[in-house]
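Here are my notes on this one, point by point. Have the viewer open while you read.

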Amino acid sequence: MLILGIESSCDETAAAVVEDGRIIRSNQVASQAAEHNLYGGVVPEIASRRHIEAISTVVQAALDEAGVTVQDLGAVAVTFAPGLIGGLLVGVNFAKGLAFAADKPLVPVHHLRGHIAALYLTHPDLEPPFLCLVASGGHSHIIQVEDYTRFHVLGRTVDDAAGEAFDKVSRTLGLGYPGGPAVAKAALGGNPSAYRLPTPKLAGRYDVSFSGLKTAVLNLVNQAKMRGEEINVPDMAASFQFRVTEILAEKLMLAARETGAKKVCIAGGVAANLVLRDLLERDCAEIGASLYLPRLSLCGDNAAMIGSAGYYEYRAGARAGADLNGLATLPIDDPDLDPKSC
């Protein structure tokens, strides 16, 4: 079965054709990163306008690359939550129009479920249940994936997401946007032990927090400026990167040990971080768990993951009508996401 996936929740306009939830037939992405770099982060109004300009061309390119027409599709899947509402509405409305015109089922997909589905495209043998850390610009969750469409959140960020903290620290250090790759590149020549950065203590056993860590970097930079001193950017980048990845790895492995998980996964933009990957490779080997990592090209926002998730949502009975709306926030395990209630 061929699913057309459409993704527009942030600053990537993307479309892809996926076969049976596991095989990528095409994957097109129009990135706005260079433009938003001028402002140090995503400007929602600009993002939504660029989505409008790009979406028709990107969808047609995905169909052409796959060598199919709309009539060959089994369904149209689209990210409808969570994300920047302007961008979501562009994708949702385009998908609704396309599905209606072609008389195809419309399948609503939660963005985080899409990130998890990127693992199915990388590992054809991976099946639930498994434990997954989803870390991106807007989210940091530790999730028990019970089935393809059933999820249970064990822990989450209580403030900033890991990717958001990377973006803000990158801007503070003058490294640009997106922050994750920029900080990682700067950290290559740095000493991760050069700066003492805090580790937040939280009541939630598997919860994480990055606001204080981000503020600590900002304070150190400002204090150095007031004293007329220079911050060693590579050392600060390396220290910050190591502390964030160390926190994420420790919380995920704590959950793995206490739940007895033998399959551990990561997904989302932060899953591309090589330091985090190395930490988890080591830690999973110590507890005898198998680690599943998404292909680097599928860590960031893309539509192949939406097509994959859409396939499993379709099989579970999820359908949307002309009243489908974009939602800026929606938990991954929200009862309204039950296919029978969509």
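**Notes on charges and fold**

1. Let's start with R150, which is partly exposed at a relative accessible area of 45%. (Buried means under 20% relative accessible area, exposed over 50%, and partly exposed in between, using a 1.4 Å probe and protein chains only.) R150 pairs up with E146 in a salt bridge, with the closest N and O atoms 3.2 Å apart; by salt bridge I mean a side-chain nitrogen of Lys or Arg within 4 Å of a carboxyl oxygen of Asp or Glu. E146 is partly exposed too, at 35% relative accessibility.

2. Before going on, the ground rules. This is a predicted model, where local features need pLDDT of at least 70 and side-chain atom pairs count only at pLDDT 80 or more, while totals for chains, interfaces and linings use all residues. Numbering runs from 1 along each chain as its sequence is written, and side-chain values use heavy atoms, with hydrogens and water left out.

3. Now have a look at helix 2 (residues 44–66), where E45 and R49 sit four residues apart, about one turn of the helix. Their salt bridge brings the closest N and O atoms to 2.7 Å. E45 is partly exposed at 44%, and R49 is partly exposed at 48%.

4. Helix 2 also holds R50 and E53, three residues apart, again about one turn. The two side chains meet in a salt bridge at 3.2 Å, N to O.

5. The search of the whole structure gives 13 salt bridges. The chain carries 29 positive and 38 negative side chains, and the centres of the two sets lie 4 Å apart. Lys and Arg count as positive and Asp and Glu as negative, with His and the chain ends not counted; each charge is placed at NZ of Lys, CZ of Arg, CG of Asp or CD of Glu.

6. On the overall fold, the chain has 10 helices and 10 strands, taken as DSSP runs (H or I, at least four residues, for helices; E, at least two, for strands) and numbered from the N terminus. The C-alpha atoms fill a box of roughly 65 × 45 × 30 Å along the principal axes. Buried residues make up 54% of the 342.
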